[in-house]
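Here's a quick briefing to read with the model open in your viewer.

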Amino acid sequence: TVLSSLRYHTVPPVPTSPLVQARITIGNGGDSDTPIVVTLDNDVTVGNTLAVWAFWGGPDSHLSSISDNLGNTYTLVRRETPAGGATDAHVMWYADITTGGASTITIMLSRAYAYRSMLVHEVAGRHATAPVDASSFNFQQTPTTAADNITSGADTTTVDGCYIFGV
């Protein structure tokens with residue numbers, strides 16, 4: 001079980017939830033040229049932000065690229081490979097949406113893996129100059145079922161109204 005989190009600044013007040021839409025893909029196997037792909041159900045809106053998390057069963061060094069069909073630019077937030085011999089990669093990005101429309105996000109890996117996933121959120125109301133407030137990562141190979149046992153780790157937000165992107 002893995003739990004990662006990413007907090008986005010939002011500009012208060014946000015009258016409704018800042019989450020506009022979300023989509024996940026979970027894949028098993030595939031050829032080395034087979035990407036991880038998410039196609040969002042609705043058009044993305046200029047001025048919003050895409051939050052992306054991806055996971056695959058190999059080192060993060062096998063990441064070739066992330067892009068979308070609209071040409072939005074993705075900023076790396078975290079690349080993590082858990083300690084203790086695990087080789088699973090967990091990577092987080094965000095993209096300020098500068099071109100709107102029907103969006104397909106693609107991650108290319110340099111080789112095939114038995115399992116891989118990608119989660120994408122479109123978020124409205126981001127902070128104009130500092131959209132990422134904090135990020136944390138905590139890999140838990142064998143968590144128990146005890147209360148409050150699974151955690152992303154501690155982070156302190158610096159402004160009110162943060163959107164928390166937790167996986």
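This is a predicted model: local features need pLDDT of at least 70, side-chain atom pairs count only at pLDDT 80 or more; totals for chains, interfaces and linings use all residues.

Residues are numbered from 1 along each chain as its sequence is written, and side-chain values use heavy atoms, with hydrogens and water left out. The protein chain has zero helices and 11 strands, where helices (H or I, at least four residues) and strands (E, at least two) are DSSP runs numbered from the N terminus.

**Overall build**

- Buried residues account for 43% of the 167 residues in the protein chain; buried means under 20% relative accessible area, exposed over 50%, and partly exposed in between (1.4 Å probe, protein chains only).
- Take the contacts (heavy atoms within 4.5 Å) with a separation of 6 or more: 80% of them in the protein chain come from residues 24 or more positions apart.

- The average pLDDT (the predictor's confidence in each residue, from 0 to 100) is 77 for the protein chain, and 71% of the residues score at least 70.

**The nonpolar cores**

- A nonpolar core here is a set of buried Ala, Val, Leu, Ile, Met, Phe, Trp, Tyr and Cys residues joined through side-chain atoms within 4.5 Å.
- The largest one has 23 residues, and Leu50, Trp56, Trp93 and Ile107 touch the most other members.
- Strands E3 (36–39), E4 (49–56), E5 (63–68), E7 (89–96), E8 and E9 (116–123) each supply at least two residues of this core.
- Not counting residues up to four places away in sequence, Ile107 touches Pro35, Ile36, Ala54, Leu63, Ser65, Ile66, Trp93 and Met118.
- There's also a second, separate core of eight residues, including Trp53, Phe55, Leu119 and Tyr163.

**The aromatic pair**

- Rings of Phe, Tyr and Trp (its six-membered ring) pair if their centres lie within 6.5 Å; planes under 30 degrees apart count as stacked, over 60 as edge-to-face and the rest as tilted.
- That rule gives one aromatic pair.
- The pair is Trp53 with Phe55, stacked because the ring centres are 6.1 Å apart and the planes sit at 5°.
- Both Trp53 and Phe55 are buried.

**The salt bridge**

- You'll find one salt bridge in the structure, defined as a side-chain nitrogen of Lys or Arg within 4 Å of a carboxyl oxygen of Asp or Glu.
- Arg23 and Asp41 form this salt bridge, with their closest N and O atoms 3.6 Å apart.
- Arg23 is in strand E2 (residues 19–27) and Asp41 is in the loop between E3 and E4, so the pair ties together parts 18 residues apart in sequence.
- Arg23 is partly exposed at 37% relative accessible area, whereas Asp41 counts as exposed at 54%.

**Loops worth a click**

- Thr45 lies in the loop between E3 and E4 and is partly exposed, with a relative accessible area of 41%.
- Thr45 and Thr99 are 54 residues apart in sequence, yet their C-alpha atoms are 7.6 Å apart.
- Gly47 is also in the loop between E3 and E4, and leaving aside neighbours within four places in sequence, Gly47 is in contact with Ile97 and Arg126.
- Gly101, in the loop between E7 and E8, counts as buried at 17% relative accessibility.
- Not counting residues up to four places away in sequence, Gly101 touches Asp43, Val44 and Leu70.
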